[in-house]
Amino acid sequence: MEEDNKLIEERREKLKALRAAGQAYPNDFVRKDFAKDLSDAYGGKTKEELEKAAVRASVAGRMMLKRVMGKASFATLQDGSGRIQAYISNDVTGENDHEAFKHWDLGDIVAVEGRLFKTMKGELTVNAEKVRLLAKALRPLPEKFHGLTDHEMRYRQRYVDLVMNPQVRDVFLTRTKVIQSIRETLAAEGYLEVETPMMQPIPGGAAARPFKTHHNALDMDLYLRIAPELYLKRLVVGGIERVFEINRNFRNEGISTRHNPEFTMLEWYCAYEDWQYMIDLTERLVRAAADKPTVTYQGRELDFGKPFARVTIADAIRRQGIEGDLRDRDFLASRLKSLNVELTKEHGWGALQLMLFETVAEKHLVQPTFVTDFPAEVSPLARRRDADPELRRPGGDVLRRRLRARARVRHAALRRRRHRHRPAGDAAHGQPEHP
RNA sequence: GGGUCGUUAGCUCAGCUGGUAGAGCAGCGGACUUUUAAUCCGUUGGUCGGCGGUUCGAAUCCGCCACGACCUACCA
């Protein structure tokens, strides 16, 4: 229930009057022009050129600003492409319509038809011969100068955020473009896109707390999936040798700006390839998704054009000037202690090596970089490296490599997972058993 | 989870060492025919997040609770 306040009540009264006078929400207006197109085409013309050209325009949008000056007024309309100014006057628009316009509110959807001209200050403006109120807004917009800044309100009322902060539209556009690009790249490489069950009897494919729900007809509990992995693998078993899914997963865990209980994830699987292929394909996906070779993010230029660097965890650590046996638990433990990192006896050399990497090396990986050879201890689902058996203690092994650098910018909501083989001994490592 | 800060009008925010609530914008009324957050005059609007305590007196001090932001650790 909305609480009524005087501003909304005032607008309701206006709407009531509109209804009494006829159709309050007309839908017969034909919008012919976008603000940005007009600005692109005529913004560079001089006042005289525009006058001679006598260009007619028909625009509509949300009224963001309004300046009433007696016998003439200005309004700033915002449409899906940008903003354009309208001039409403007794002379051209007519006194009756201008008087009506004076009582319209910021936030109303307004249509204007007329000739383009430039004001004394040089702003491209539609000189309204006709002005219509297409939709009355009942709720007031946030303050016109400061806008909507409260973070909670921006996220809870994304539509208001979009109205007041048009740059957030770019976030939506970028996300859609990235996903489209990924679809195109994978399709071109012979992958089939599928959708697998979201409600699963046993939530598998990752270690995470699930949401629980209940199917009445079957009288059975089901879980919202935490990953599509197991179903995608079954499709591979069934003969769909290259398959992917971009879809929601649900994890009943912490919430932050980086962690949403429901988030979109990309997973793909393919037969007859190894981890090197997966790295290469990942690189192709990211490069294609970046619409230009270099991207500036937070003041740093990131180069997606040249081949991505590849480095093992151990080499990344050594580059920070650390010499020693990086598979020696005591050595790693002493280095970590000197860096004030807390550790326990449960941590083996693999976990410690990863901790050391995260402490000293990861922050230096700014450009797109593949980090390889994660210790088996911290890669429970990954296949062990054939070339590095290390009898006593499965060494090197790879498997997990994450796309570092700021590649995650472009994938704000996307994460990829690679083809994984079930390890022989999750439980033995103290990890939860993955079904 | 830990730390810091915050919650006052529809929006953005002031409000000092406690004295009983303010501005701008929005709204309403008026002036104004090239404005740009238009300007000028007048005016409506508040359970100061909630509960309790201290006090003659609490937006202000104290306690608890709720909600939120930022930093930090972990999960994608």
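This is a predicted model: local features need pLDDT of at least 70, side-chain atom pairs count only at pLDDT 80 or more; totals for chains, interfaces and linings use all residues.
## Overall make-up

Chain A contains 12 helices and 16 strands. It has 435 residues, of which 42% count as buried. Among the contacts in chain A with a separation of 6 or more, 61% are between residues 24 or more positions apart.

Five strands close into a barrel, and their order is β1-β2-β3-β5-β4. The pairing within this barrel is mixed, and the twist from one strand to the next averages 55°. One parallel pair in it is that of β3 (residues 83-89) with β5, joined over 3 bridges. In this pair A86 stands opposite V126 of β5.

Helix α4 lies across β1 (56-68), β2 (72-78), β3 and β5. Its direction is at about 60° to β2. The helix covers residues 95-102, and H98 is one of them. H98 has a relative accessible area of 0%, and is therefore buried.

K144 is placed in the loop that runs between β5 (124-135) and α5 (151-156). Its relative accessible area is 57%, so K144 counts as exposed. Along the chain K144 and L65 are 79 residues apart, yet their C-alpha atoms are separated by 7.5 Å.

## The three-stranded sheet

An open sheet is formed by 3 strands in the order β7-β9-β8, with antiparallel pairing. Its edge strands are β7 (199-200) and β8 (212-215), each of which pairs on one side only.

Strand β9 (residues 220-224) is joined to β8 by 4 bridges, and the two run antiparallel. Across this pair, K212 stands opposite Y223 of β9, and H214 stands opposite D221 of β9. The hairpin of β8 and β9 has 4 residues between the strands. In this hairpin D219 takes a positive phi, near 50°.

## Packing of α11 against α12

Helix α11 (residues 329-338) and helix α12 (residues 349-361) have axes that come within 9 Å of each other and cross at roughly 35°. The crossing is left-handed. On the α11 side the contact is made by R329, L332, A333, R335 and L336. On the α12 side W349, L352, Q353, M355, L356 and T359 take part. By type, the residues of this contact divide into 7 nonpolar, 2 polar and 2 charged.

Within α11, the residues F331, L332, A333 and L336 are buried. The buried residues of α11 pack against α12. After α11 comes N340, which has a positive phi near 65°.

## Nonpolar cores

In soluble globular proteins, nonpolar side chains tend to be buried together. In this model the largest nonpolar core has 24 residues. Within this core L326, L356 and F357 have the most contacts. The elements that give two or more residues to the core are α10 (313-318), α11 and α12. Helix α12 supplies the largest share, 9 residues.

L356 also belongs to the contact of α12 with α11. Not counting residues up to four places away in sequence, L356 touches I317, I322, L326, L332, R335, L336, L339 and A361.

Technical notes:
Residues are numbered from 1 along each chain as its sequence is written. Chains are lettered from A and ligands numbered from 1 in the order in which they are written. Side-chain values use heavy atoms; hydrogens and water are left out. Buried means under 20% relative accessible area, exposed over 50%, partly exposed in between (1.4 Å probe, protein chains only). Axes are lines fitted to C-alpha atoms, for helices over the stretch in contact, and angles run from 0 to 180 degrees between N-to-C directions. A crossing is left-handed if the near helix is turned anticlockwise from the far one by less than a right angle, and right-handed if clockwise. Contact means heavy atoms within 4.5 Å. Ala, Val, Leu, Ile, Met, Phe, Trp, Tyr, Cys and Pro count as nonpolar, Asp, Glu, Lys and Arg as charged, and the others, Gly among them, as polar. A nonpolar core is a set of buried Ala, Val, Leu, Ile, Met, Phe, Trp, Tyr and Cys residues joined through side-chain atoms within 4.5 Å. Two strands pair if DSSP finds at least two bridges between them.
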